[in-house]
Amino acid sequence: MQTAYSKEELRKVLAPLRGGRVVLVPTMGALHAGHASLLRQARVLAGDSGCVVASVFLNPVQFDNAGDLSAYPQTPEADLELCRCCGVDVVFMPTPEMMYCADHSVSVEETHLSGVLCGAKRPGHFAGVCLVVSKLFNLVQPTDAVFGKKDYQQLAILRRMVRDLDFPITLHGAEIVREQDGLALSSRNVRLTPEHRAAAPGIRKALLAAADSYRCGVSAEDICAGVCAVLERIPGVRVDYAEICDAETLHELTDCKRPALLAVAAYFGEIRLIDNIELSR
Ligand code: AMP
């Protein structure tokens, strides 16, 4: 495995590895088993003749909250070890100064899917994601990229970006990896208090119960109100949103026969957790 710390090193290291599939897995580091699952999928997609590239970059421009950025865990040594174990060929680990010119002034913004769910609550977040992912796509020039469904809206927006900007890249969505108790793995979980960590699997329980209710024909409005009520019974928890939407457009579900998504964001103290579940009737 090779590590590139600058764009120049990355280009140099990648040049001789091109020829087969080049599969990119973008991450912000503090890697866990959820990331490992994406990296292993990338390894399978790349095969023996292809190449897996992981980026580990805490992208400042996608943070709408300075405190969240400064408290974000960073574990570069362990990240490199995990990448090695998952069969990654190249890790790209730039600093923010290397990624962005001080006076960078070009934005990449998706304007339809980004206005709802997390996009409505975190202004600028998805523009920051689209900017960094376009830069990574241009730098790595992958044939494929793997993203987790944990960030379902992010995946939907990036699919739209790839389509509308003609990136010749196939995106793959990976299933959510969870702890035994159902909590979706997240780099932010280590920041939960012991009480909130113990209560956090309540999100998954609420989502599973909601999926049952949806199957039984309960209205979206009642289901979402129920999810909010259950979660806000936990001391120190505030639901940011709980919404059922069309799984493709992320906008209002107009035909209940279409695939639907229930997405939730909730603050456990200061820590914002997200999760989702695909619904069918
Ligand atoms: P992050 O480092 O949080 O930006 O995540 C990097 C990639 O890993 C994104 O595509 C995430 O959706 C994905 N990811 C993070 N947590 C999980 C998880 N628990 N299960 C599956 N994918 C995940």
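Let me begin with His 35, where an oxygen atom of the ligand is 2.9 Å from an N or O atom of the side chain; I count that as a polar contact, meaning a pair of N or O atoms within 3.5 Å, where within protein one must be able to donate a hydrogen and the other to accept it, and residues adjacent in sequence count only if both atoms are side-chain atoms. This is a predicted model, in which local features need pLDDT of at least 70 and side-chain atom pairs count only at pLDDT 80 or more, whereas totals for chains, interfaces and linings use all residues. Residues are numbered from 1 along each chain as its sequence is written, and side-chain values use heavy atoms, with hydrogens and water left out.

Turning to the backbone, a polar atom of Met 28 is 2.9 Å from an oxygen atom of the ligand, while a polar backbone atom of Val 177 is 2.8 Å from a ligand nitrogen. The ligand alone exposes 480 Å², of which the protein buries 93%, with accessible areas taken from the Shrake-Rupley method with a 1.4 Å probe and, for residues, only the protein chains shown counting as cover.

The side chains of Arg 272 and Asp 240 are joined by a polar contact of 3.0 Å. Leaving out residues up to four places away in sequence, Arg 272 touches several residues, among them Cys 118, Tyr 241 and Tyr 267, where contact means heavy atoms within 4.5 Å.
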